Amino acid sequence: MASKNGIDRRDEDEVCPVCKSSRYLNPNMRFLINPECYHKMCESCVDRIFSSGPASCPVAGCRKTLRKNRFRQQTFEDIGVEREVDIRRRVMHILNRREEEFDSKRAYDDFLEQREEIIANLVCRIDVAKTEAQLQAYAQENMQSIKANQALEEQEATSFQKKILLEQEETRMRQQIAREEYESERREQQATREDFLTRLASGSAADAAAIAREGHKVHLKKSSARRSEEDRIRQKQAALRGTEVKRTGTPLTTADTAGSTPGAGFIKGLRKIKTPEPEKPYDPFMGLVPGKRDYYTQLESYPYAFLDKLRSDLTVQAGGYDLQEYYSRTLLEAFAGLGCFVQEEVAKRDAISALGISKPASTEGAAMAAVGKNAA
Amino acid sequence: MALSPFASRSPSVTVASPSSALRLKAAATHHAPGQAVTAKSDPNPERELTEQLNDDVRRKYVKGKKLGEGTYAIVYLGHFRDDPSSCVAIKKIKVNAEYKDGLTMDAIREVKYLQELSHRNVIALHDVFSSKDQNLNLVLEFLPGGDLEMLIKDGDIHYGVGDVKAWMGMLARGVWFCHENFVLHRDIKPNNLLIAADGEVKLADFGLARSFADPYLNMTHQVITRWYRPPELLFGAKQYSGAVDVWSMGMVFAELLLRVPLLAGMSDLDQISKICEAFGTPTEENWPGVTQLANYVTDKAVPLRGREFFLQQFPTAGPVGADLLMSMCVLDPRKRATALQVLQHKWWATEPRPTKNEDLPRKSGTKKMGDDLARRGGETDDGPFKNAARQLDFGGMK
Amino acid sequence: MIEDDIYRTSSQFRLWSYTESSLKSLRTKTNHIASERVRAALRRARERHASSTPSATGTPQTGSDVEEKDIECLTPEEELVLVRYYCEKTVELGETYRPPLPTNVRVSLPTTGFTQRLEPFFLRGQPKLTSITYQATAIQYLRRFYLTNSPMTYHPKSIMACALFLATKTDNYYMSLRQFAEGIPGDTTADDVIAPEFLLMQGLRFTFDVRHPFRSLEGGVMELSAIAQGQAKPAPHLPHHTPESLKQGLLSIAPPPVPSTSITDRIGRAHGATRELLKSAAQMTDAYFLYTPSQIWLAALLLADRPLAEFYLDTKLGGPIDPTAMETEPSNLQNPLYDLRTKLLQVLTDCGALLQSYTPLSSDPDQMKILKRIAKKLYHCQNPEKVNLKRDSAVPRSTPAIDAGAVTSESETERLAKKRKLEMEQKQRGAHDMFGPELVLDRTRH
């Protein structure tokens with residue numbers, strides 16, 4: 001980041017190109033620029049010219065219409081750098097595809113290169129109109145994914161912040177714990193030593209060795225307890241990081257169908273993204289079309305003397321016998337397979353299964369099973 | 001119907017017609033006629049072609065541990081020889097020494113219809129082969145999720161109307177597909193509705209299935225487990241339609257909502273009177289011709305139940321769901337909904353949406369597919385009534 | 001077309017549809033393997049004879065001169081003739097068959113003339129437990145079985161009754177085996193009927209469903225009747241038709257081959273003639289293997305009444321292209337289904353030619369002469385190790401079914417084979433008339 005100092009280190013003899021007043025006369029003078037044309041002018045000129053609404057740039061030869069709210073202070077001393085940074089920010093705001101959206105690393109790299117080219121074109125004023133048009137078209141067509149990726153970036157930024165804070169907090173806590181532990185240990189050690197000395201002083205000589213051993217053991221226990229406590233904290237941190245990753249790791253679902261829009265041609269190698277379509281209504285037939293026929297249209301009833309007796313038989317009727325079922329069966333059987341040309345289709349089928357012939361005879365069973373499963 | 005023939009067909013589609021299988025064989029034998037074929041497991045190269053084809057099918061699978069055993073069948077876990085991660089259930093049908101008439105009708109029906117039906121909600125028959133001792137081995141889709149009866153009975157499992165809707169949708173699709181192919185299932189009940197690993201419900205046990213719709217052709221009325229048997233069969237109708245399966249579906253629907261069987265009759269007569277109590281007494285007015293059915297009997301006159309009854313009895317289904325259930329429980333089979341109409345009902349589109357398969361409740365225990373499969377074939381597991389349909393004298397059928 | 005996709009899911013299409021060449025090579029292959037096996041079996045039998053006592057004579061292959069040269073086996077063509085003959089026999093068996101039926105399974109059939117025409121196997125006005133399909137199913141079982149099995153291995157006579165019985169089970173006309181066996185003329189026992197059941201099922205690759213063209217014909221005739229009465233709706237892809245235009249179209253077609261009094265009469269005649277073709281020629285030829293049921297019934301209808309069938313097809317697939325209008329409108333604009341139509345007409349012509357090529361064996365003395373020669377030849381090349389089917393099924397049934405993981409069972413098969421060899425020798429001595437050529441001789445006296 002370029003520091004303000006660069007600008008604060010102002011030239012005493014700097015002159016506003018519009019009103020010609022110089023800093024020498026007005027030490028508090030501030031210069032502003034507008035990213036439309038990057039012509040520098042002093043704050044009072046901006047107030048004077050643009051307070052009543054948009055107006056053209058007062059610099060001779062520049063016809064850009066400028067708005068007051070767009071004026072800002074220069075960040076970089078070199079106005080060229082200032083402009084490039086602005087362009088870059090704007091382009092990257094639009095072409096904000098993420099690596100995970102691409103088929104391959106290569107495709108992503110190509111994208112980055114393409115983006116740099118666009119930026120370079122705009123900076124160097126090559127094919128500006130065309131490039132701008134492309135950029136606009138892309139921005140419109142991919143509005144959703146742009147927004148989604150912006151949101152993601154923001155989210156990442158905030159979660160990064162949070163993570164930093166979290167880490168700082170943890171460090172602080174760890175230090176505190178360590179400090180407390182050290183304190184308590186020190187206190188305890190002191191107490192033990194005192195106790196030790198008292199016991200030694202009051203006890204017999206035989207006890208001395210046993211008492212000394214005991215004290216050593218207690219010390220060991222403490223340090224191992226501390227170690228396990230450290231482990232626990234470390235694990236907790238790892239777990240925290242894990243959930244963090246999981247939360248941010250779902251960017252793909254929100255992207256729009258860039259793969260199929262006409263603008264997709266603009267950026268190559270984008271992964272085909274399946275937008276979760278709105279759930280289709282439940283189809284009780286699961287794709288099959290009931291009652292579809294190609295050779296005939298079934299009637300409600302057929303004039304067929306052979307069936308008359310059945311039609312008038314009340315017992316048959318009461319049993320639920322349904323002539324419609326008979327009609328539909330006979331008609332289906334009349335035409336099922338009419339257009340199956342056995343000679344042709346079976347020859348084709350045999351040719352396919354004959355491909356397995358080249359296999360050694362011992363595995364022919366397996367070969368057949370394999371053929372069966374491939375086709376299934 | 002628009003039944004996609006490209007829907008997941010079992011491998012047997014491509015088991016290769018004998019001609020193509022033959023070519024494989026021909027390639028093997030022509031090189032070395034009379035010599036041992038390279039296949040190690042076949043010490044006798046001069047097998048009949050038909051046996052060679054059978055062996056080809058048999059070698060596609062590896063039989064694993066036993067999952068269950070019953071009087072008529074043993075079920076093994078198995079897998080494709082070239083894919084140990086695959087799972088199939090190999091159901092070996094035991095030769096029934098007491099049944100002198102060859103292969104039992106159960107087995108014949110199951111094989112015949114499953115060979116033709118290929119649908120997501122019908123258990124897939126991958127292959128059939130014979131093993132030694134002339135045992136029939138059916139290679140079936142492995143369905144480890146238990147059955148609907150287990151879910152209904154398991155008090156630890158809680159499910160809602162969205163789950164019921166999902167299960168009923170799968171059941172109705174399976175039944176509709178069978179009817180579109182002119183096959184009646186004739187034994188729809190919760191324990192014949194098996195659940196795949198992905199939660200899909202599959203219609204299983206085609207031991208009582210038959211094709212239908214031919215005029216002037218009698219069928220037996222001694223089918224469908226009693227609690228799920230429609231009134232026209234209890235009254236002895238010999239010509240009937242897909243409506244019999246729809247009634248059973250209605251009973252399953254009610255049982256899913258209530259978590260107990262709706263009409264648990266102790267005998268055929270008791271079943272009739274329970275139906276009358278629940279839905280009203282069949283009369284010539286509400287069911288023209290019913291009094292002419294061979295076994296028509298009624299003991300009390302209960303007026304036909306209206307919509308309020310269903311709304312009150314099945315509040316969880318919601319008003320639209322209660323309407324659907326009512327349309328499946330109409331006494332007169334001609335006025336009962338067809339499987340197609342069931343699927344066209346607006347209940348499917350009303351809230352809540354059917355639960356996705358992955359979110360459906362699963363069985364808690366570790367009962368296996370074999371338990372189910374092995375049980376069929378006449379064994380009684382739930383008292384003397386549950387499998388009445390199994391104890392049929394098939395000699396009296398046509 | 002959605003109806004075609006539905007048919008493609010059937011096991012008949014998936015497993016039992018062939019090209020002419022694949023069908024031929026399959027039969028050649030089956031014949032080749034069976035011949036090899038017969039020769040090997042006879043060689044083994046001779047070796048055993050040579051090593052054991054020479055008492056077991058009486059079988060033709062024990063002559064020393066026969067020992068030297070190889071046995072002459074049936075050719076695939078001869079096998080086919082034989083199978084066809086037994087298919088005809090199956091129809092006969094089904095028709096003469098009078099099982100003592102329990103009353104509760106008797107079909108209550110109306111006795112109008114119309115219905116009798118619908119039930120082609122419904123014989124002599126007797127209420128019998130038959131249907132339009134179950135014998136046809138049995139025939140297709142036989143034909144499918146003998147694609148991968150040879151008559152030299154399993155004699156059709158021993159399979160025939162079993163196929164018929166299995167068809168009663170799979171087509172829901174089930175009766176008990178005992179009842180069935182009692183209804184069969186001759187001394188066939190229940191065990192004879194059921195013995196090859198498993199073998200048969202294995203040969204059928206455990207697919208029992210057969211798609212017949214009979215119900216299809218009913219559907220077509222039903223719709224033609226609706227057209228005749230001006231009630232039909234146009235086909236989905238030809239919405240320009242109206243019930244009236246369809247009716248007028250039907251009334252203005254070229255006259256039928258046999259004069260008829262009315263359009264209803266004409267449809268009725270075509271119906272009858274088509275059904276005759278379906279229950280004979282369609283059953284006895286390779287039609288089921290090469291074509292679909294809808295193609296078969298329409299091909300038969302074309303043979304029965306060409307103008308009627310062509311009219312009906314045009315209501316489904318649009319009419320022929322007007323060649324004068326080709327300049328302005330290409331064919332796919334005139335009729336989007338034109339390509340399908342062209343292809344289908346060719347297939348129907350081929351199928352019709354196949355149906356027409358059929359003449360019943362028994363009505364043709366020349367063919368019967370050939371058949372007798374084949375039967376005689378078969379007597380010599382019957383695989384001796386497969387003669388006794390009852391043993392095949394009876395032995396394993398008594399052993400408990402324990403299968404420890406491995407699915408294969410070669411040791412068992414070998415054990416059975418040894419047992420069979422022993423049985424065979426006894427059988428050869430017994431000169432079993434059941435499986436010999438007498439059947440053919442019987443048939444000629446019939």
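## Briefing on a predicted model: the sheet of chain B and its surroundings

In chain B, strand 1 and strand 2 (residues 73–80) run antiparallel to each other and are paired through six bridges; two strands pair if DSSP finds at least two bridges between them. This is a predicted model, so local features need pLDDT of at least 70 and side-chain atom pairs count only at pLDDT 80 or more, while totals for chains, interfaces and linings use all residues. Residues are numbered from 1 along each chain as its sequence is written, with chains lettered from A and ligands numbered from 1 in the order in which they are written. Helices (H or I, at least four residues) and strands (E, at least two) are DSSP runs, numbered from the N terminus.

**The five-stranded sheet of chain B**

- Let's start with the layout: five strands of chain B form an open sheet in the order 1-2-3-5-4, with antiparallel pairing.
- Strand 1 (61–69) and strand 4 (125–131) of chain B are the edge strands, and each pairs on one side only.
- From one strand to the next, the twist averages 30 degrees.
- Within the pairing of strands 1 and 2 of chain B, B:Lys63 has B:Gly78 of strand 2 as its bridge partner.
- Strand 2 of chain B is joined to strand 3 of chain B by seven bridges, and the two run antiparallel.
- A hairpin of two residues connects strand 2 of chain B to strand 3 of chain B, and B:Phe80 stands opposite B:Asp83 in strand 3 of chain B.
- Further along the sheet, strand 3 and strand 5 of chain B are antiparallel and share six bridges; here B:Ile90 stands opposite B:Val139 in strand 5 of chain B.

- Which residues of helix 2 of chain B are buried? They are B:Leu49, B:Thr50, B:Glu51, B:Gln52, B:Leu53, B:Asn54, B:Asp55, B:Asp56, B:Val57 and B:Arg58.
- Because ten of the ten residues of helix 2 (residues 49–58) of chain B are buried, this helix is largely enclosed by the rest of the structure.
- A residue is buried if 20 or more other C-beta atoms lie within 10 Å of its own, exposed if 12 or fewer, and partly exposed in between, with C-beta atoms placed from the backbone.

**Annotated positions in chain B**

- An unreviewed UniProt entry gives a "binding site" made up of B:Leu67, B:Gly68, B:Glu69, B:Gly70, B:Thr71, B:Tyr72, B:Ala73, B:Ile74, B:Val75, B:Lys91 and B:Lys92.
- These residues are spread over 26 residues of sequence but cluster in space, with a largest C-alpha distance of 14.1 Å.
- One of them, B:Gly70, sits in the loop between strand 1 and strand 2 of chain B, and B:Gly70 is buried, with 20 other C-beta atoms within 10 Å.
- B:Ala73 belongs to strand 2 of chain B and is buried too, with 24 other C-beta atoms within 10 Å.
- For "active site", UniProt (unreviewed entry) lists B:Asp187; such annotations may be inferred rather than shown by experiment.
- B:Asp187 lies in the loop between strand 6 (183–184) and strand 7 (193–195) of chain B.
- Is B:Asp187 buried or exposed? B:Asp187 is buried, because 25 other C-beta atoms lie within 10 Å.

**A helix pair in chain C**

- The axes of helix 17 (residues 293–304) and helix 20 (residues 338–356) of chain C come within 8 Å and cross at roughly 70 degrees.
- Helix 17 of chain C is therefore roughly perpendicular to helix 20 of chain C, a term for angles of 65 to 115 degrees.

**Chain A**

- Chain A has twelve helices and five strands, and 18% of its 376 residues count as buried.
- Three strands of chain A form an open sheet in the order 2-1-5, with antiparallel pairing.
- Strand 2 (41–42) and strand 5 (72–73) of chain A are at the edges with a single partner strand each, so one side of each has no neighbour in the sheet.
- Strand 1 (residues 31–33) of chain A pairs with strand 2 of chain A in the antiparallel sense over two bridges, and A:Phe31 stands opposite A:Cys42 in strand 2 of chain A.

Key. Axes are lines fitted to C-alpha atoms, for helices over the stretch in contact, and angles run from 0 to 180 degrees between N-to-C directions. Angles under 35 degrees count as roughly parallel, over 145 as roughly antiparallel, 65 to 115 as roughly perpendicular and the rest as oblique.
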